[in-house]
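Here are my notes on the model you sent over. Have it open while you read, and start with the helix points before going on to the ligand.

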Amino acid sequence: SSTIIWFRQDLRLQDNAALQAALERGGAVVPVYILDEEGEGRWPMGGASRWWLHQSLKALDASLKERGSRLVVAQGKSLEVLRKLVKETGAGAVYWNRRYEPAVIARDKVVKASLAEHGLEVKSFNSALLNEPHTIVNKAGGPFQVFTPYWRHCLSLETAEEVVVKAKTFPAPERWPESVEIEALALLPTIPWDAGFYAAWTPGEAGAKKRLGYFLKKLAADYGEQRDLPGVDGVSRLSPHLHFGEIGPRQIWAAARAQGKESGVFPANAGVQTFLKEVGWREFAHHLLYHFPKTPVQPLREEFAEFPWASDPGGKKLKAWKRGLTGYPIVDAGMRQLWATGWMHNRVRMVVASFLVKHLRLSWTHGAEWFWDTLVDADLASNTLGWQWSAGCGADAAPYFRVFAPVLQGVKFDGGGEYVRQWVPELAKMPDAFLHAPWEAPEEVRLKAGVRLGENYPAPVVDHKTARDAALEAFKALKAER
Ligand code: FAD
């Protein structure tokens, strides 16, 4: 009988354990994607992710067609759709790769049990992580909450090997079941907000592989020094590819090992080693989400639930932050890069997050929701970790009293101003000395650069020192209450 292979966040044909198992089982293979928004619980995909998904499904369908197969696309409740497909194809088995978001785990359990009840062979596999969260425990038998010991432990284990899918053609069913067009899922935005996405990205397995190859060959050796410079092409930009499973960590390790063989050492250099450690943070994020499933909406450190957030009448401050109109150039550049490309450099994510939570004293959950809607790499595990880290309320978090000073961050990591000038063109002509604090420039310098504060570029929405002191006071009050 045929096997349904249910694609989810594993939109690739290589290193796909469920697909390989389906091919080994024999019989026809029926590849399926289901847009099941209800199944995502409180976190159905945001706008930017939907754009990515559209492109990625197109790419997956094209690769399947090269192998004499195709992608069956449907919308609705996963269980209902799968039952219908089983009936239509006479499939005897349903295989998929596991996900770790709490709502999805709950849904998948129900799907698995109900399909199995009807006599189907139902199996799930790991293709997303080197180590699945339930396989890793600390000495006390519990989950890790600090990255360094977590990662040391993971590195002491054998790394999972890439799953090689050799088949050049996939056996097709005699009759293909009904499918909707990818366009019918209406994943693309109705306003042309995605124009900049096309230039920035090549979604799909081939694009992911190419970017990894380029990164390892050209950029990785300098990653340690360059990764904090947002104006430089110095990081892998693999995050959306990893989120959608167009590439997996086992493949990253295999590629890094192959590179190590050429140079006689693994990792080939310190840059690659640091990069692999960052991929480890992704693993850690999944570990935390799995073991602390309430963290997308509740701080891991419970005392922060009582934090005295500032009021924001009319949502004015939040709006200024979202639109990149705070008057702090590095913050505004980041928020505009996010809007234009669906991605923001990690250094700047930390700066804008700290700014929202500490300078504006607005809850990290507002930031997490905005990122959820606008990031092409929006990932419940990594986004939750990133926001709770920035807010000081998560595992292994930056201490709350560490307030990123946006001007200093700009000067330190974008001293030449390439990043700010690209994303905040109003400031393009400001001399370096005042680029990150245009309000400090003498009036004539500003006028010469064509900058009129409050007219074509905002004056700062809050004063750094006042905001910083207020944030620290609020934190002290929180501690005193306990
Ligand atoms: P590289 O520097 O090349 O790193 C390689 C890979 O390692 C990344 O693709 C990513 O998968 C992983 N990685 C690196 N840093 C982290 C990290 N801190 N946490 C988890 N994984 C990491 N990342 C997401 O993938 N999705 C999110 O929704 C997300 N939200 C974030 C929110 C905030 C407030 C912050 C501070 C960080 C967030 N990150 C998120 C983590 C990080 O910013 C991005 O993974 C990184 O910028 C992606 O760019 P890259 O692929 O070039 O990373």
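1. Gly 119 comes after helix α4, and its phi is positive, near 85°. Bear in mind that this is a predicted model, so the angle is a computed one.

2. Which residues of α4 are buried? They are Val 104, Arg 107, Asp 108, Val 111 and Leu 115. Looking down the axis of α4, these buried residues fall within an arc of 100°, so they line one face of the helix. The background is simple: an α-helix has 3.6 residues a turn, so residues three or four places apart point the same way. Note that Arg 107 and Asp 108 are in the buried set.

3. Now the ligand. It has 29 residues around it, and those that come nearest are Val 235, Ser 236, Asn 346, Asn 383 and Gly 386. Elements giving two or more residues to this shell are α9 (239-243), α11 (270-291), α14 (346-359) and α16 (380-391).

4. By residue type, the shell around the ligand splits into 14 nonpolar, eight polar and seven charged. Domain 2 (129-161 + 205-291) and domain 3 (302-481) each supply at least three of the shell's residues.

Conventions
Residues numbered from 1 in each chain as written. Predicted model: local features only at pLDDT ≥ 70, side-chain atom pairs only at ≥ 80, totals over all residues. Near = placed C-beta within 6 Å. Helix = DSSP H or I, 4+ residues; strand = E, 2+ residues; numbered from the N terminus. Nonpolar A, V, L, I, M, F, W, Y, C, P; charged D, E, K, R; others polar. Domains from an automatic or database assignment. Buried ≥ 20, exposed ≤ 12 C-beta atoms within 10 Å, placed from the backbone. Arc of directions from axis to C-beta.
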